[in-house]
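I opened this model to look up its salt bridges, its pockets and one of its sheets. My notes follow in the order I took them.

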Amino acid sequence: MLQLRGEVTPRRAMIYMTGALCTQPAQVLQSQHAARVIQGYINRLLARESEELALFQGLDLRGDESRPSPAAEQLARLLALLVDMRPEDIRIKAPDVAGLLRDPLALAELVERLYDYWRSLERYLIFEGGADESRDRAVEGHMPFITNNQDLTMLVREAYRRIERSLRGYWPRVYRQVPAGANMSLLIDEVHWPCPGGDYETLRPIRMVRLALLALPVILYPRRTARKGKFVQVTRNPLHGVTLDPAQWLCLPLRVGELNFQVYFDREYLALAISLVNLFELAGHVEARCKPDGILVFGLPEEAMGGEPTVFYVDEQEEIVVGGVLKCEDVDYFGYFKKMILTLHNVIMMRRGRLPLHGAMVRLRLRRGPAVGIAIVGDSGAGKSETLDAFNTLAAEWISDMTIIFDDMGSLALAEDGSLRGYGTEIGAFVRLDEIDPGYAFGHLDRSILMNPHRWNARVVLPLTEYKEVVAGHPLDVLLYANNYEPVDEEHPAVELLPTPEQALEVFRAGYRIGKGTTDEQGVVSTYFANPFGAPQMREVHEALARKYFQAAYESGVAVGQLRTRLGIPGWEREGPRTAAEALFRYLQDRG
């Protein structure tokens, strides 16, 4: 069996295992990773020229996470002994490390900061499973998988507490049950799926994720805080001539709405890739073994990309749409995963006769009113997600029931009776922290993955909706364009209906908004149909679908117009979507 590599870097610690975890707290410090983590902390002290380095007097500090220094090796050995022994006993039985015990209290303080350093890393535990053709071994591995994660957390905490007791001479009186083990864990399997061969053959041996465990909240620090550029359609498969190392790559099989996707990623992007399980449904046993509708390969070499950082290719012969993302620091942002997946989804939907919508859709029932399906269309920063958040904030006053169908991307289908139905893609949302209600954000902290919370465009990924609701197909009653750039006055009401399909198409097609800096766009910009993710690349196909669906909307009685969220106007970032939501509720109430 191919062995994956565990590793420790300044950013993360990855533990790969096929057998049982250690069973005693001291064994945590005796593992090969302990000295590597300690070396990472020593290097941080060296960079700061910290006075803490005096504790290592006379020891060689030079090393890195792959080759720890003698100082890191000695400290790891000492800490393992301190789990079960007192300092005075160690001085007698292990004189080779006694020099580090010159000042036990100073060492206890260093251990406290070392513990914080460990918990600041992205910490992964990857289990290897075994699969066969008849069943998913992940099913029988649920409880051992969960138990091993819990055991690691308890062992790390117990080791830390015993060391502090040995050095300080007393037990603490306040215990803080902080997440101390892995904060993201995966069970991976070799899964046999109908690989077409040819350009796709390099994907066959790559292991698939079958279970994921998140110790939430997880806080991540990607190198970038925004997405740049466009997704370019190319005429050559980005997998052509590429060989991927199965020890360096993993696959995440996902359900993107009704579609089966395989997301392959270089382990450099492990944190962002795992975050996808808070946004999309992880594929089950059957779906993981099906031929995929879409494939995303994240972390390709330059020679595969033809000079572009993000590309997609339509394989007509195999009926697969393939996305490729270049391996570089500039794509270290969750939006590249999310939006490339949704671009592939949109291309597939258009090829199947559906109209993709970049927006949000809810099925809600106001107090004393019927259920209504509402879709709000808009590009990044237009206010669609923020308006949904305002719905949640105002729920107690206005709403009896509400189900989110999609938060960012969905599609419309024509039913046999001529009505329109909306289908979603995601079970979660990827939203800006500074433009949602703080009470809502903190109320869902225990389900959230936070990204760069200390920086501009801080984001949160959190689950919102059951998968069955995403793919159910809900009737559409109201279709609105999210206008974030115009003020609200007598001539420009918050909710404005457009009387004809031609006028509606003109507004939606222009796609005007004020860029909020979530991409590389600034000021008032125009995006075809507020949807840069497949619609402009296949404009002729999209235009024909748009005309067909907007005509059907008016014929079936769907209210079509625009909603002025004012999100792009300074000072209205929160109040704008809130007042827009209230205006929409009043309109629905009057509409009956």
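I count a salt bridge when a side-chain nitrogen of Lys or Arg lies within 4 Å of a carboxyl oxygen of Asp or Glu. The model is predicted.

**Entry 1: salt bridges**

I looked up the total, and the structure holds 39 salt bridges. I then took three of these pairs in turn.

I began with Arg 11, which forms a salt bridge with Asp 332. Their closest N and O atoms are 2.9 Å apart. I placed Arg 11 in the loop between strand S1 (7-8) and S2, and Asp 332 in the loop between strand S13 (320-326) and helix H10 (334-351), so the pair ties together parts that are 321 residues apart in sequence. Is Asp 332 buried or exposed? Asp 332 has 1% relative accessibility. The cut-off for buried is under 20%, so Asp 332 counts as buried.

I went on to Glu 329, which pairs with Arg 224 in a salt bridge. Here the closest N and O atoms are 3.9 Å apart. Glu 329 sits in the loop between S13 and H10, and Arg 224 in the loop between S6 and strand S7 (232-233), so this pair links parts that are 105 residues apart in sequence. Glu 329 has 46% relative accessibility and counts as partly exposed. Arg 224, at 27%, also counts as partly exposed.

I found both Lys 339 and Asp 408 buried.

Which residues are linked in a network of salt bridges? I noted Arg 11, Arg 224, Glu 329 and Asp 332 among them. The network also includes Glu 7, Arg 12, Glu 122, Arg 223, Arg 267, Glu 268 and Asp 330.

**Entry 2: the largest pocket**

I looked up the volume, which is about 590 Å³ for the largest pocket. I found 27 residues lining the largest pocket, and Val 28, Ser 31, Ala 34, Trp 118 and Val 156 lie nearest its centre. The elements that give two or more residues to this lining are strand S2 (12-17), helix H1 (25-30), helix H2 (32-48), helix H5 (104-120) and helix H7 (142-168). H2 gives the largest share, six residues. By class, I noted 21 nonpolar, five polar and one charged.

**Entry 3: the second largest pocket**

The second largest pocket holds about 330 Å³ of space. It is lined by 17 residues, and Glu 112, Tyr 160, Pro 172, Val 174 and Arg 176 are the closest to its centre. H5 and H7 each supply at least two lining residues. The largest share, six residues, comes from H7. What classes make up this lining? I noted eight nonpolar, no polar and nine charged residues.

**Entry 4: a four-stranded sheet**

I traced an open sheet of four strands in the order S6-S20-S21-S19, with mixed pairing. Strand S6 (218-220) and strand S19 (428-432) are its edge strands, each pairing on one side only. Neighbouring strands are turned by 20° against each other on average, direction ignored. I checked S19 against strand S21 (residues 459-463): five bridges join them, and they run antiparallel. Phe 430 has Val 461 in S21 as its bridge partner.

Key:
Residues are numbered from 1 along each chain as its sequence is written. This is a predicted model: local features need pLDDT of at least 70, side-chain atom pairs count only at pLDDT 80 or more; totals for chains, interfaces and linings use all residues. Side-chain values use heavy atoms; hydrogens and water are left out. Two strands pair if DSSP finds at least two bridges between them. Axes are lines fitted to C-alpha atoms, for helices over the stretch in contact, and angles run from 0 to 180 degrees between N-to-C directions. On a 1 Å grid over the protein atoms alone, a cavity is a set of points where a 1.4 Å probe fits but cannot get out, and a pocket is an open set with protein on both sides within 12 Å along at least five of seven lines; lining residues have an atom within 4 Å of a point. Grid points are joined across faces, edges and corners, and a volume is the space filled by probe spheres set on the points. Ala, Val, Leu, Ile, Met, Phe, Trp, Tyr, Cys and Pro count as nonpolar, Asp, Glu, Lys and Arg as charged, and the others, Gly among them, as polar. Buried means under 20% relative accessible area, exposed over 50%, partly exposed in between (1.4 Å probe, protein chains only).
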